[in-house]
Amino acid sequence: MKNDLLVVENLVKYFPIRGGILQRVQNWVRAVDNVSFTIKKGETLGLVGESGCGKSTTGRTILRLTPQTSGKVWFDNKDLFSLGSSEMKKIRRDLQIIFQDPYSSLDPRMIVGESISEGLRAHGIGTPQERRQIVAETLVRVGLRAEHARRYPHEFSGGQRQRIGIARALTMKPKLIIADEPVSALDVSIQSTVLNLLDELQEEMGLTYVFIAHDLSVVEHISDRIGVMYLGKIVELAPRDDLFNDPQHPYTQALLSSIPIPNPHKRRKRIILEGDVPSASNPPPGCRFHTRCPVAVDRCRIDMPDFEEKIAGHFTACHLVEKI
Amino acid sequence: MTVAELQAEALLTTEEESQFVVIWRRFIRHRMALLGLITISILLLCVIIGPVFMPYDYTDQVKGAQRLGPFSTDHLGGYHVLGTDELGRDLLTRLLYAGRISLAVGFAVSFLETILGMTVGAVSGYYGGWTDTIAMRIVDLVLTIPSLPLLLVMSIILRNVEIPGIPREWTSVVVIVVILAGLQWTGPARLVRGMVLSLREQEFAEASKALGVSDTSIIFRHMIPNSMAPIIVSSTLAVGGAIIVESVLSFLGFGVQLPTPTWGNMLSNARTDMLMYPLLALYPGVLIFLAVLSFNFAGDGLRDAIDPRLKM
Ligand SMILES: Nc1ncnc2c1ncn2[C@@H]1O[C@H](COP(=O)(O)OP(=O)(O)OP(=O)(O)O)[C@@H](O)[C@H]1O
Ligand code: SF4
Ligand SMILES: [Mg+2]
């Protein structure tokens, strides 16, 4: 706990589905359902899962961009959900986010320099002159030029916009950055340059990352530990090498089997998952994965498996995985 | 220019400029809209500087020179291009002054309703929940008010109030402006609310929130600037609308009160001897028609120019 910069405990976020003429709540989208993990200072936690499994919602709830349903989050040993608005505002400097969509993440009507310095303004940091200086330096640091501050977002490419988004987060000198699929929308050719930038910045500024992706191969190089999400839950969480070499959960195994390996001798057997991901508003009882799990047993349809530390440092939620 | 210079210039154009140029180009392609804009400009020019060149005041009466026809000279040697009215006042002078008031009423109502509606709509859409529910109930309520009867009642009640700091003859103008704006802000409010509902879900709004930017700042620096295009269109249309309503009220005798002339009350005043002196009614009538039509054309053209997909 001492070394942990971020502790997420039983985080739950349900979205109401309203309907009827009275707009009553008819059901809930269980976007995030009992998610727990911790991150040490300077570490990168990869969070992986298919579209709609609740990765973004996890990030947004931690940042209090959307109110939690229940659960607790400690950041820097402070209970985030109990902070008053002025304390929360102060903490926002340390806790930043980078978004997936380089188009909607920048205000099209605001010049880039304004967008980047918005946080500084809000916290009353520096004079306008000093803020311009910070913006210029940060732009250069993320691989753009100082004079780009005067342009509008539409004048940049997707990759450049993503760098602007990174610059905006960096001006606050944050401790933790939640990077929500920062490269998913980019061309494969520029993905690695942005990933490298994030890597360098981490080293330079001692940043801690929650790195969200829908693909294990994207997080492989940057992550120290990786959590795999399925339908609002983390099903497996382990140090990167353990997860890649010794995946325990059938879902993780299936995801890994779909990544092509360059070495032909180490061929993995491809596991093809049948069916679609069930709806988050009507998740299956028992293990949420049982409708698609190739090794499911009767018990899986009734009992929800606990998310347990089966091997030291390696958490899994599956009935068939023995605790050692 | 060399290629390098051209490139440098291209880089220097900001979005505002280039967008403005694009909108302007699309706007002038819309011939009726351009015609509307030109008409509005001419009217504005005339009513703003025209009265300065007139030898008469709008209250000056020449005894014994009532209802002179166009191009006539009265017995004191005064020349009246459009003639005089039933009290011997120079018609052109009165029309110009009336235009000032009518257009001022139009712009003032449009400005007020836009500011009010925009603020309510943005706050309502941004916060959602109870704030939104209450604001939208109020909008519904205002929309169900039958405006004509209310206008009549209000203008009768408020006709003789004294508003400190405002000259007596302006009182009824202010009253009309406030009542009209108070009834019509619901349009822009709904418009902006709709825009903000989708804007607040955009990631740039979340980014600002994550940076610790206050809600007020997000509303005024992000939500409203991004809703500007439809707001400009609706406020252009609102100017014409307000001029029409003022004329209707005047016709019923409840608009801006004489001796302050508006095109509306001049028209309504002329109706008593409409058959004998049709020109007295024709002048203000044509001007109202021209102004309203111009604002509508310009507004429609702006709408198409700003966003061809936008339909309100
Ligand atoms: N504001 C909202 N209101 C209602 N439901 C929502 C809302 N935001 C997300 N959801 C639902 O919550 C679930 C999780 O969404 P989330 O965006 O967190 O998924 P994700 O893992 O980030 O997916 P992606 O890879 O597509 O970004 C989805 O079923 C989504 O439809
Ligand atoms: S608990 Fe059962 S259904 Fe769930 S992953 Fe394990 S084996 Fe499959
Ligand atoms: Mg997402």
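User: Why is the crossing in which α5(B) passes α8(B) called left-handed?

Analyst: In this predicted model, α5(B) passes α8(B) in a left-handed crossing. The term applies because the near helix is turned anticlockwise from the far one by less than a right angle.

User: What angle and what distance between axes describe the packing of helix α5 and helix α8 of chain B?

Analyst: Helix α5 of chain B (residues 129–144) packs against helix α8 of chain B (residues 186–199) at about 145 degrees, and the axes are 10 Å apart.

User: What makes the contact between α5(B) and α8(B), and how do its residues divide by class?

Analyst: α5(B) contributes V139(B), V142(B) and L143(B), while α8(B) contributes T186(B), A189(B) and R190(B). These count as contacts because C-beta atoms lie within 7 Å. The division is four nonpolar, one polar and one charged. Arg counts as charged, so R190(B) is the charged residue.

User: Which residues come nearest to ligand 2, and what classes make up its shell?

Analyst: Of 13 residues around ligand 2, the nearest are C287(A), H290(A), C293(A), C300(A) and C318(A). The shell holds 10 nonpolar, three polar and no charged residues. Cys counts as nonpolar, so C287(A), C293(A), C300(A) and C318(A) fall in that class.

User: What surrounds ligand 1, and which element supplies the largest share?

Analyst: Ligand 1 has 13 residues around it, with F15(A), A31(A), S51(A), S56(A) and T57(A) the closest. β2 (24–40) and α1 (55–62) of chain A each supply at least two residues of this shell, and α1(A) has the largest share, three residues. By class, the shell has five nonpolar, seven polar and one charged.

User: How many residues does each domain of chain A bring to the contact between them?

Analyst: The assignment places 4–94 + 174–316 in domain 1 and 105–173 in domain 2. Domain 1 of chain A brings 10 residues and domain 2 of chain A brings 12 residues. On the domain 1 side, helix α6 (residues 188–205) of chain A gives the most, four residues. That side divides into nine nonpolar, no polar and one charged.

User: What makes up the side of chain A that touches chain B?

Analyst: Here 23 residues of chain A meet 18 residues of chain B. Two or more residues each come from α2 (85–92), β6 (95–98) and α3 (112–122) of chain A, and α3(A) gives the most, three residues. The chain A side divides into eight nonpolar, six polar and nine charged.

Terms used: Residues numbered from 1 in each chain as written. Chains lettered and ligands numbered in written order. Predicted model: local features only at pLDDT ≥ 70, side-chain atom pairs only at ≥ 80, totals over all residues. Near = placed C-beta within 6 Å. Domains from an automatic or database assignment. Contact = placed C-beta atoms within 7 Å. Axes fitted to C-alpha atoms, helices over the stretch in contact; angles between N-to-C directions.
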